[in-house]
Amino acid sequence: MVPLKDLMKTTGYEHGANTPIGIHERHKYPIYISQEAESQSSIIVSAGKIGRSVGVDPKVLAKFVDAEFADIATQD
């Protein structure tokens with residue numbers, strides 16, 4: 001995770017507007033998607049601007065950005 005203070009200069013996106021598609025295209029950073037999303041028919045992700053979102057099939061998104069489904073939930 002990029003520290004919040006470095007987010008804009010590192011990714012080019014302000015907090016709340018980071019999009020996995022843009023991050024992958026600009027930086028080739030590894031993308032991880034919660035394994036809970038894998039069973040959904042659609043998930044909502046940022047479209048790169050605050051207040052803009054897009055619904056997408058998580059498997060299609062994962063393939064497009066070379067993402068890996070992973071257990072990323074925090075444990076209490």
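Is aspartate 66 buried or exposed? Aspartate 66 is exposed, with a relative accessible area of 62%. Here buried means under 20% relative accessible area, exposed over 50%, and partly exposed in between, with a 1.4 Å probe and protein chains only. Aspartate 66 lies in the loop between H3 and strand E4 (68-70). Its phi is positive, about 55°, although the residue is not a glycine. Most residues other than glycine have a negative phi.

The model is predicted: local features need pLDDT of at least 70, side-chain atom pairs count only at pLDDT 80 or more, and totals for chains, interfaces and linings use all residues. Residues are numbered from 1 along each chain as its sequence is written, and side-chain values use heavy atoms, with hydrogens and water left out.

The protein chain has three helices and four strands. Their order from the N terminus is α-α-β-β-β-α-β. The radius of gyration is 13 Å, close to the 11 Å that the globule rule gives for 76 residues, so the protein chain is as compact as a globular protein of that length. Helices (H or I, at least four residues) and strands (E, at least two) are DSSP runs, numbered from the N terminus. The radius of gyration is taken over C-alpha atoms, and the globule rule is 2.2 Å times the number of residues to the power 0.38. Along its principal axes, the C-alpha trace spans about 35 × 30 × 25 Å.

Buried residues make up 32% of the 76 residues. Among contacts with a separation of 6 or more, 47% join residues 24 or more positions apart. Contact means heavy atoms within 4.5 Å. The accessible surface of the protein chain comes to about 5,600 Å². Carbon and sulfur atoms hold 53% of that surface. Accessible areas come from the Shrake-Rupley method with a 1.4 Å probe; for residues, only the protein chains shown count as cover.

The protein chain carries 8 positive and 10 negative side chains. The centres of the two sets lie 12 Å apart. Lys and Arg count as positive and Asp and Glu as negative, while His and the chain ends are not counted. Each charge is placed at NZ of Lys, CZ of Arg, CG of Asp or CD of Glu.

Strand E2 (residues 43-46) and strand E3 (residues 53-56) pair in the antiparallel sense over four bridges. Two strands pair if DSSP finds at least two bridges between them. Valine 45 stands opposite valine 54 in E3. Six residues lie between the strands of this hairpin. Glycine 48 takes a positive phi there, near 105°.

Helix H2 (residues 20-27) has the buried residues Pro20, Gly22, Ile23 and His24. Their cover includes helix H1 (7-11), E2 and helix H3 (58-64). Proline 20 has a relative accessible area of 17%. Leaving aside neighbours within four places in sequence, proline 20 is in contact with Ile31, Val45, Ser46, Leu61 and Val65. Proline 20 and serine 46 are 26 residues apart in sequence, and their C-alpha atoms are 7.8 Å apart in space.

Arginine 26 is also found in helix H2. With neighbours within four places in sequence left aside, arginine 26 is in contact with Thr11, Gly12 and Tyr13. The C-alpha atoms of arginine 26 and threonine 11 are separated by 7.7 Å, and the two residues are 15 apart along the chain. Lysine 28 follows H2 and has a positive phi, near 60°.

Serine 34 is found in strand E1 (residues 32-34). Serine 34 is buried, with a relative accessible area of 19%. Leaving aside neighbours within four places in sequence, serine 34 is in contact with Phe69, Ala70 and Ile72. Serine 34 and phenylalanine 69 are 35 residues apart along the chain, with their C-alpha atoms separated by 5.6 Å.
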